[in-house]
Amino acid sequence: MPLFSGNRRGFPSTLLPTTSSRRKSPLTPTALARRRPAPAPSPSTSFSFFSLGLLLSVLLFFAAVIRYGVPRSSSNPHSTPSLRLVRRPPIPHHPLPINSRGGHLASAPVDLTTKDLYDRIQFLDVDGGAWKQGWPVHYNGDEWNQEKLKVFVVPHSHNDPGWKFTFEEYYQRQSTHILDAIVDSLSKDSRRKFIWEEMSYLQRWWRDASDHRKDTFAKLVKDGQLEIVGGGWVMNDEANSHYFAIIEQMMEGNTWLNETLGFIPKNSWAIDPFGYSATMAYLLRRMGFQNMLIQRTHYELKKELALNQNLEYVWRQSWDKAQTTDIFVHMMPFYSYDIPHTCGPEPAVCCQFDFARTRGFGYEYCPWHIDPVETTQSNVKERAFLLLDQYKKKSTLYRSNTLLVPLGDDFRYVSVDEAEIQFRNYQMLFDYINSHPHFNAEVQFGTLEDYFQTLRSEVERVNYTRSGELGSAEISGFPSLSGDFFTYADRNQDYWSGYYVSRPFFKAVDRILEQTLRAAEMISALVLGYCQRNPCSKLSVNFAHKLTAARRNLALFQHHDGVTGTAKDHVVVDYGIRMHTSLQDLQVFMSRAVEVLLGDIHDRSDPNLLSQFEPEQTRTKYDVQPVHRGIDLREGEMQQVVFFNPLEQTRDQIVMVVVTSPDVVVLDSNGTCLESQILPKWQHDGKIIVSTGKHRLYWRASVPPLGLETYFVALGRADCEKAMPSLLKVSADPDQFSCPKGYSCSKLDSSSTEISNKRYTLTFDIDHGLLKKINNRDGRETVVDEEISMYSSYDSGAYLFKPEGEARPIVKKGGHLIISQGTLVQEAYSVPKSEWDSTPVSHSTRVYSAENTVHEFVIEKEYHVELLGHELDNKELITRFKTNIDNHGIFYSDLNGFQMSRRETYDKIPLQGNYYPMPSLAFLQDSSGNRFSVHSKQSLGAASLKNGWLEIMLDRRLVHDDGRGLGQGVMDNRPINVIFHIIKESNISALPDSHSQMILQPSILSHRVGDHLNYPMHAFISKKPLEKTLKVHGKAFSPLATSLPCDLHIVGLKVPQPLKFGQLLESRFVIILQRRGWDGSYCKQGNLACTNLGDEQVNLYYLFKELAILGVKPTSLNLLHDDMERLGNIEQVADVAQEGNVVIPPMELQAYKFDIQPQQ
């Protein structure tokens, strides 16, 4: 069977470093001395008899130590460490103050921040010799005299759930054989250990494996030989994935693992994501994890941390002054996670101990031309000394004398023979080292649990804390750190910022599936809550298998080669088809569930036969944009439109459907006529804009939280005013534009034009069709100076962004601009002129008139991008807003839709290194509090390369591979609509001078704008029109007792096990809540009737109407831990089971299990 050779993203052989002669280490004697235990504190100087006696005793003790030395440990060198949990006592918990203004969340005190590291590092890319990105490492030899070196060699196999092959192809070719080989090989010798991460493959193997193999696997896990690390469905990406999807994929994997094997992981293993987010550390901590391992961080940052022995640290969230989020992290020090880069700093030596590179296994030989040789009695002494030398050199980079050495690579251990050659050779080396006490070393196979428990035990005995170091109560002896690890660079100033944008079409589909799954889970929970044992509950129960498939298809795409856009073309197609299938299934279920919730719960008919409604938007294929079905009415007919609001506040906004006739009217569920407006639906061929003959129909709708509301679109209804046609103003000449029937058109003659609502006036340059400035109603002006540009990028690829110089504007004078004006919506639609016959981008800008709503504050930008054709090869398209906001090179982008991160533009790193992930939000701000925010509906990349600039990349089309293993460029572009919601805010008081150092938060308004964009209402239309002779009697469904406070967000409401709903007696439902952190200096604009959790208590027992909540229990985010002490956040959830009051500090997530019964 075909096998991969070496690590998938390793150095090409021509770039691999060679072993150089050893030179003196640049580590200072002071730094070397830091490895030794810190001296004990001085005794008291009191001259009481007791104190004098104590002092004499201490002096005698030190004299004895000087004369005879420190006693050696009496532990057996071959013994395995205890698996008990060793933790320091927790510090007292002081929840963040809960006040009505939200306030600035003060930064948590830490020893290190990633900002400080970036400020300190010069990024000179110095060649370090054998360790190309480090330095020649040496040791004195006495470092292990008092505390022996304890080495845990951790065998592993990294199995990508899709990359060069699809998930199923990889499973059939390799993963199934790897799991078979692991079981068979570990069973031969209890000293052998292994770790496994991806539950997607384990679950797939479990379906096929024999009962004997499954029993053996379970025993290996129970006995501690085989540890499941992470245990998510995949090893998720941390730049593009939204925190909802991360929780979902972790929950899916951890739950399956617990139900199948009774195992709950507590150590995370993330060796391949391309950079790391602080959000992931937070989520893992709240899932009960205690330790993390990471690998792919900037090589200069690794070097800086290694120089100061800070590669192990406690990761703390930037807002967490109470230290409840602290989690211990081990960062691997070298270039890669393959065997040449894990045993020590000299890959030419380490490669000699990758015994699977001997002949017959299909892997490439060592590029340094010194290949592995079988270990024998005649060479074991020399080979053991060579290997131990690497272990000791690597150990000097860390504080403790407990060392982790991974042993594996991509899809390794694919046969028993391969596993045997590794285990057999290493065990012989271990036995030799362990039998020679003068080495002061003990080496064995181990798991992450073995390593972390031994490390924690050591730091309980030995004090490694530095003078003045804050550290953490979670584990002593290590610094505390806050921040994130973007943007990743692996070598030669190559920055992995391209994958933030690669395959943006599927990044958008990912978010659509996410929001649809979230809504479907809510609706399913509501159906089961109201139906209970009535026949209508069968709808959710019968859908359980497809719901599970949807969870898993979303989870699979969170893989770090899925949502990143870094897989082969046919693998992307496989991901796309899986997501499309689940989207179709979810929409069918929701259409039927809407009918259940609007109908009679006690109806005895089969709910699976319901077919009154269908989704208003549909997608005919996995790789095309969704389209509106279009309401086609004959005279005298009307059609129902039902909206589901997946948010926890009443939704009041302008909505839109497509109609075929302009002469329609809109009525609410009471039969009241509503104001409405129509705009033509446009299309263009790159040169001429024409109407499709269809119309966009807008009106203002109000839908209760988690509820349903019905509206009617009718034709030929004389008692209501018809929808008002928009007034059209066009820049095109009459021969290039035909005014649609029923509309009034006029010519744009001046150099600029405007659209406006009561909040904003937007000014456009007619010649170029671009937004120039925004004027608030109070007269304040913000220059925007929109620009659409392209980078030429011949060396960029799926992973890397390597532009040739700066971006060049592509919009020329003479494009087409159409201004549509009306009472509800105003729009500027631009088809710009460019050097290409068919322009690669057109765009619309809209403002809405809906007084006292969120929608009134939104400036909507929609870019239609078609980066198609060879003339656009090696181009990367951006939009850039060149504002007059004096941001001093600082901007803020979100991490996973959960928190904001401060970004600073550095001249000392290249342009591409100043690009950062923008999963959902970026903003600029000046010292006076003027803020320009851009919310995105999908993950992209953003930068602020000059003062006042915010640029966002929209798409990229690249011919060449970038040398990171994929073996192709990115040429499978699809037409895509990229949607932004822009808001301009000014705070009510200036920020302190230190604001440039602060992590700023979105305002309440900004949070709500983001929610409306990322959790849109789901619309359903009746399949058959109603006759106008029928009386309008629409229905509504409003399950919540009231809207929740605006800073309290329902992340998810679900029934985790719908198939077992009728069997379980309690805890059948789960709700996950988030208390948002928000910037209290920004006023509550627009009379939005917003309260917050500081002003208004929320009691879970009274959350729903007509439903009784029973047995509320706090739980972890993966639903597996009910012991809150394990999660760190004790106080805020301690009394919820008795009182029901939600007490969550800002920024925190909390999950609750409960049950629902209809009220009697």
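This is a predicted model: local features need pLDDT of at least 70, side-chain atom pairs count only at pLDDT 80 or more; totals for chains, interfaces and linings use all residues.
## Disulfides along the chain

Counting bonded cysteines along the protein chain, the disulfides pair up as 1-2, 3-4, 5-6, 7-8, 9-10, 11-12. A search of the whole structure turns up six disulfides, where a disulfide is a pair of cysteine sulfur atoms within 2.5 Å. In general, such a link is a covalent bond between the sulfur atoms of two cysteines.

Residues are numbered from 1 along each chain as its sequence is written, and side-chain values use heavy atoms, with hydrogens and water left out.

Let's start with Cys 351 and Cys 366, whose sulfur atoms are 2.0 Å apart in a disulfide. The torsion about their S-S bond is about -100 degrees, so this disulfide is left-handed. Both cysteines lie in the loop between helix 10 (347–350) and helix 11 (380–395), so the bond ties together parts that are 15 residues apart in sequence. Helices here are DSSP runs of H or I with at least four residues, strands are runs of E with at least two, and both are numbered from the N terminus. Cys 351 is buried, with a relative accessible area of 0%, and Cys 366 is buried too, at 3%. Buried means under 20% relative accessible area, exposed means over 50%, and partly exposed is in between (1.4 Å probe, protein chains only).

Next come Cys 531 and Cys 536, joined with an S to S distance of 1.9 Å. Their link is left-handed, with -120 degrees about the S-S bond, and both cysteines are buried. Cys 1046 and Cys 1090 form another disulfide, S to S 2.1 Å. Its torsion is about -90 degrees, so this disulfide is left-handed. Cys 1046 lies in the loop between strand 45 (1026–1027) and strand 46 (1048–1054), and Cys 1090 in the loop between strand 47 (1069–1075) and strand 48 (1107–1115), so the pair ties together parts that are 44 residues apart in sequence. Both Cys 1046 and Cys 1090 are buried.

## Rings that pair

Now for the aromatic rings. Rings of Phe, Tyr and Trp (its six-membered ring) pair if their centres lie within 6.5 Å; planes under 30 degrees apart count as stacked, over 60 as edge-to-face and the rest as tilted. By this rule the count is 54 aromatic pairs. In one of them, the ring centres of Tyr 313 and Phe 485 are 6.3 Å apart with planes at 45 degrees, so the pair is tilted. Tyr 313 is in strand 7 (residues 312–315) and Phe 485 is in the loop between strand 11 (480–482) and helix 14 (504–531), so that this pair links parts of the chain 172 residues apart. Tyr 313 is buried at 0% relative accessibility, and Phe 485 is buried at 4%.

Phe 801 and Tyr 915 have ring centres 5.2 Å apart and planes at 80 degrees, so they are edge-to-face. This pair also links distant parts of the chain, 114 residues apart, and both residues are buried. Ring pairs also build a cluster, with Phe 194, Phe 353, Tyr 413 and Phe 445 among its members.

## Charges over rings

The charged end of Arg 518 sits over the ring of Tyr 1015, 4.3 Å from its centre. To count, NZ of Lys or CZ of Arg must be within 6 Å of the ring centre and within 35 degrees of the ring normal. Arg 1068 lies over the face of Phe 1061, at 4.0 Å from the ring centre.
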